[in-house]
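User: Hi! Could you walk me through a few features of this protein model, one question at a time?

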Amino acid sequence: MARRVVITGIGIWSCLGTDINTVKESLYHGKSGIIYDEKRMEYGFRSGLTGYVEKPVLKGLLDRKQRSNLSEEAEYAYMATRQAFDQAKVDEEYLFNNEIGCIFGNDSSAKAVIDANSIMDEKHDSELIGAGSIFQSMNSTVNMNLCAIFHLRGINFTVSAACASGSHSIGLGYMMIKQGLQDMVLCGGAQETNMYSMTSFDAIRTFSLRTDDPTKASRPFDKDRDGLIPSGGAAALVLEDYDHALARGAHILCEVGGYGFSSNGGAISQPSDDGSVLAMQRAMNDAGIEPSEIDYINAHATSTPQGDMYEAKALKRLFANEHTLISSTKSMTGHECWMAGASEIVYSIIMMQNNFVAPNINFENPDEYSKDLNIVAKTKDMNIDCVLSNSFGFGGTNSALIIKKIK
C-alpha cells in the first residue's frame, strides 16, 4: 500500500525575506522584492530589473573549505536547509544516525564559470582558479554541497528541468517516499541572482522594460504585462513518510497530495495549454480529487504575454465554473526560475498555515484570457485546505503539485 507523504519543515531565502515570518508578512501585505540594478544596464542589459536577494553571511557557520565549495545558489540553499531542518526538528544527531535523501532543482551555475574564465584570461594559469571552483560550477553544486555539509546518505541528485526544476524535485521526493524507497528526503530549488546567469534571457527580450517603478513591473495575467523579472534564492522542504513523522513526534505542516507532469513535445520555448492541463489533471487524479475541491491555485504565470495566455486558457478549461482562487506570487517575487516550483510550495504552505491567499499584485486590467478567472488582486483572509501549484519551463516541461491540510 502506497505511503502518505507529509512536509514537516520549510525554509526560504528569497527577495521577500530570509525567514518564514518576514516572508509571511511580505506575502500578506503584497510587498514586492523587485529593484532596479544600474550595474546591469552598464553591463549591456536591456532591462535592469531584478529581485534583490540578501547575500548570506556564512563565516562562523561553515569552515573556510566548506565556504569555498559553495556557489551562490548553494549558499542560499544552505541557509534555507538550516531553517527547514530546524523546523522539522532534524538535529545533528538525527542526521548522523539516519538516512536522508536530497533532491534539489538547479539548472545553472554561471558565475563560477565566468569567474574561472576571467582568471584564465588574466593570469593564464589554471592552478590559480582554486580547488573550490569545480564544486561551484557543476550543475549539481547544490546537492553535492548539502549532502557533504549535512552528512546526507540517501538518494542524491539534481533535477535540471528549467523553471519546473524545483517542483519536479518535490514530485520525485514524494514518489521516492510513497514507494517506500526513502523515509525522508530534503527537496527544494535554488537559483543564482547574479547578472551573468541572466544575460541570455535578456538577449531574447524576455524581461520587462517597465523600469520607472520596479515594484509595478511584474504583472502576471494583466493585459499590460510586458515581460518577466529575474529573481532567485532558495527554498528547502523536508518531506517524510507520515508514519515516520508521527513516530518521531514531528509537527506536520501539510500533506503532499499529488504530483502531475507532462511534456509539450513542441517548439523549445512554446507553452501549451494542452500540456498544462495534462499535468494539472494528473496531479488531481493522483490526489483523488476534483477541481471543485481545490481552494487556491498558485499559478506559474511569469508576466510574459504568451506564457500567461496559455496558462490562463488551461486554467479556464479546468476551473472556469469553480470557486477556486488564483494568484501568481511572481507578481511580488519576479520569476525565481529554477527555485520557483519549490519556493511557491513554501509560499503556499505559509498561506495555508496562516489562513490567507496572497494577492496577484499589479493585476489591474484583465485580458480576454484572464477575465474569466477568479484572480485575487488583494489579500483574502480565508481557510485553505487544498492548493494546486503549477510550474512550466522551457523545453515544454510541466509540473503540478497538490498539497493539502493533514486529516
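Predicted model: local features only at pLDDT ≥ 70, side-chain atom pairs only at ≥ 80, totals over all residues.

User: How far does α13 reach from its first C-alpha to its last?

Analyst: Helix α13 runs over residues 305-319, so it has 15 residues, and at 1.5 Å a residue a span of 21 Å is expected. The model comes close to that, with a reach of 21 Å.

User: Is α9 roughly parallel or roughly perpendicular to α15?

Analyst: The axes of α9 (residues 165-178) and α15 (residues 340-354) come within 4 Å and cross at roughly 70 degrees. Angles of 65 to 115 degrees fall in one class, so α9 is, relative to α15, roughly perpendicular.

User: Which residues in α15 do Gly-166, Ser-167 and Ile-170 in α9 meet?

Analyst: By class, this contact has three nonpolar, three polar and no charged residues. On the α15 side, the residues are Gly-341, Ala-342 and Ile-345.

User: How many disulfides does the count come to?

Analyst: A pair of cysteine sulfurs has to be within 2.5 Å to count. For Cys-337, which is buried at 2% relative accessible area, the nearest cysteine sulfur is that of Cys-163, 4.7 Å away. For Cys-386, also buried at 5%, the nearest is that of Cys-254, 10 Å away. The count of disulfides comes to zero.

Technical notes: Residues numbered from 1 in each chain as written. Heavy atoms only, no water. Axes fitted to C-alpha atoms, helices over the stretch in contact; angles between N-to-C directions. Helix = DSSP H or I, 4+ residues; strand = E, 2+ residues; numbered from the N terminus. Parallel < 35°, antiparallel > 145°, perpendicular 65-115°, else oblique. Contact = heavy atoms within 4.5 Å. Nonpolar A, V, L, I, M, F, W, Y, C, P; charged D, E, K, R; others polar. Buried < 20%, exposed > 50% of the residue type's maximum accessible area, 1.4 Å probe, protein only.
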